[in-house]
Number of protein chains: 2
Amino acid sequence: MTRSLIVYLAASRHGGGMKIAVLGTGDVGRRIASRLVELGHHVTLGSRTADNAAATKWASETGERASHGTFADSAKSAEVVFNCTKGEHTLAVLEAAGAAALDGKVLVDVSNPLDFSKGFPPSLSVANTDSLGEQIQRAFPGAKVVKALNTLANPLMVRPRDLPDSHHTFISSDHADAKVTVRALLESFGWAKDEIIDLGGLDTARGTEGFLLLWVRLFGAMGTPMFNLKLVKLEG
Amino acid sequence: MTRSLIVYLAASRHGGGMKIAVLGTGDVGRRIASRLVELGHHVTLGSRTADNAAATKWASETGERASHGTFADSAKSAEVVFNCTKGEHTLAVLEAAGAAALDGKVLVDVSNPLDFSKGFPPSLSVANTDSLGEQIQRAFPGAKVVKALNTLANPLMVRPRDLPDSHHTFISSDHADAKVTVRALLESFGWAKDEIIDLGGLDTARGTEGFLLLWVRLFGAMGTPMFNLKLVKLEG
């Protein structure tokens with residue numbers, strides 16, 4: 001299936017967009033939700049309560065394709081679900097959304113298991129021989145978890161062309177069809193096809209989550225979170 | 001102190017080179033040792049026994065500035081020590097070299113705590129809230145440990161210009177003077193000044209060692225170990 005066909009099919013299903021739930025009303029969630037609305041999708045920003053102030057404000061400011069609701073309500077009516085919650089809350093949030101609402105759906109996991117309990121820089125609450133992505137998949141075996149976008153600052157996730165050079169992002173999943181959907185969404189954000197590196201199965205999320213251990217140090221050394229990595233390879 | 005002065009001082013101390021011990025006779029150790037000899041240093045390749053076959057062969061093939069010896073003998077007579085042993089052996093090797101032989105010296109730690117006990121890809125035997133670099137520093141408080149070069153394949157460590165684009169490498173240490181020495185050595189390998197990123201104290205080795213969790217996955221996805229990362233930053 002070509003890219004244009006995938007995007008066309010996705011966009012045509014609801015007169016110009018998919019129904020997408022974005023769980024989490026923080027910077028990452030609002031940034032991704034706004035970009036998806038801009039691209040023509042119908043987005044529900046999910047939060048713990050139906051009257052969450054940040055979600056209400058976001059929906060009223062973002063236009064007619066933007067709405068908000070509880071984690072459960074937003075996930076229930078969506079075709080694709082983005083998890084943009086803090087890693088420490090992720091499993092509880094998805095529990096609140098409910099396994100039935102996630103069943104058979106693409107679940108894009110943008111979270112990182114950052115542990116700030118000992119201050120900054122954070123360590124990881126799960127690392128090395130397991131990952132939060134895999135924990136989610138085990139807890140919700142009916143969902144099609146794709147780890148994506150968790151290795152860079154949220155403005156760059158959705159506007160990769162803002163950086164002055166090519167750079168790379170990663171996807172990890174045990175579900176090939178879900179990867180096709182996520183690739184199409186990333187390409188619609190502005191990522192070039194060859195900038196999206198398929199690392200393999202969801203266990204490779206141990207790699208992208210583990211990269212956060214370097215990212216938090218680079219954040220200090222670079223003096224800005226607005227950077228990403230480009231992989232440079234020997235030719236021939 | 002300018003770069004040229006540092007290199008001059010280093011090179012002039014022994015009529016054209018420093019006395020350097022490289023511990024470990026594997027690919028990494030031999031590659032770094034050969035490059036150091038090529039750059040005019042006097043290098044002893046250290047191994048468990050004085051008659052190690054790989055070390056004997058290397059010394060006889062590499063010319064008059066190349067010698068070999070036990071870990072203890074090579075470290076004793078060196079000004080700078082490179083640890084190029086496998087992470088699982090590192091602490092025992094340094095114990096064999098002896099704390100006295102390392103006292104006050106720059107110890108460049110190139111190792112990674114890779115754990116292959118469950119097959120490939122490896123996990124890490126220490127990660128997240130500690131690092132092998134820090135374990136070495138705690139075990140040998142008299143040494144000046146600098147974590148360096150542990151994030152890329154050994155041919156690229158010593159010939160960074162082989163890649164078709166700029167790319168980055170990292171140093172972590174609690175010893176500012178030792179970082180100056182290591183920077184000068186890396187620049188002599190071909191690294192540009194702004195390609196060497198000082199991450200801060202030795203605890204930042206948790207970041208570069210943690211990156212290995214991604215590196216081993218990228219090795220699969222890129223189809224070659226001959227790659228490295230370039231950090232791309234938003235301008236302005």
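Is the crossing of H11(A) and H10(B) left-handed or right-handed? In this predicted model, the two helices cross in the left-handed sense. On the side of H11(A), the contact is made by A:Leu213, A:Leu214 and A:Arg217. These residues meet B:Arg206, B:Gly207, B:Thr208, B:Gly210 and B:Phe211 of H10(B). Sorted by class, the contact of H11(A) with H10(B) comprises three nonpolar, three polar and two charged residues.

The relation between the chains was examined next. In general, two copies of a chain are related by a rotation about an axis together with a shift along that axis. Here, chain A is superposed on chain B by a rotation of 180° with 0.0 Å of shift along the axis, at an RMSD of 0.0 Å. This is the relation of a two-fold axis. Of the interface residues of chain A, 100% are also interface residues in chain B, and the copies therefore meet through the same surface.

Within chain A, A:Gly69 belongs to strand E3, which spans residues 66–70. The relative accessibility of A:Gly69 is 7%, so the residue counts as buried, the cut-off being under 20%. Leaving aside residues up to four places away in sequence, A:Gly69 touches A:Thr44, A:Leu45, A:Gly46, A:Ser47, A:Thr49 and A:Ser74.

Note on methods: Residues are numbered from 1 along each chain as its sequence is written. Chains are lettered from A and ligands numbered from 1 in the order in which they are written. This is a predicted model: local features need pLDDT of at least 70, side-chain atom pairs count only at pLDDT 80 or more; totals for chains, interfaces and linings use all residues. Side-chain values use heavy atoms; hydrogens and water are left out. A crossing is left-handed if the near helix is turned anticlockwise from the far one by less than a right angle, and right-handed if clockwise. Helices (H or I, at least four residues) and strands (E, at least two) are DSSP runs, numbered from the N terminus. Contact means heavy atoms within 4.5 Å. Ala, Val, Leu, Ile, Met, Phe, Trp, Tyr, Cys and Pro count as nonpolar, Asp, Glu, Lys and Arg as charged, and the others, Gly among them, as polar. Buried means under 20% relative accessible area, exposed over 50%, partly exposed in between (1.4 Å probe, protein chains only). Copies are superposed by least squares on the C-alpha atoms of residues with pLDDT of at least 70 in both.
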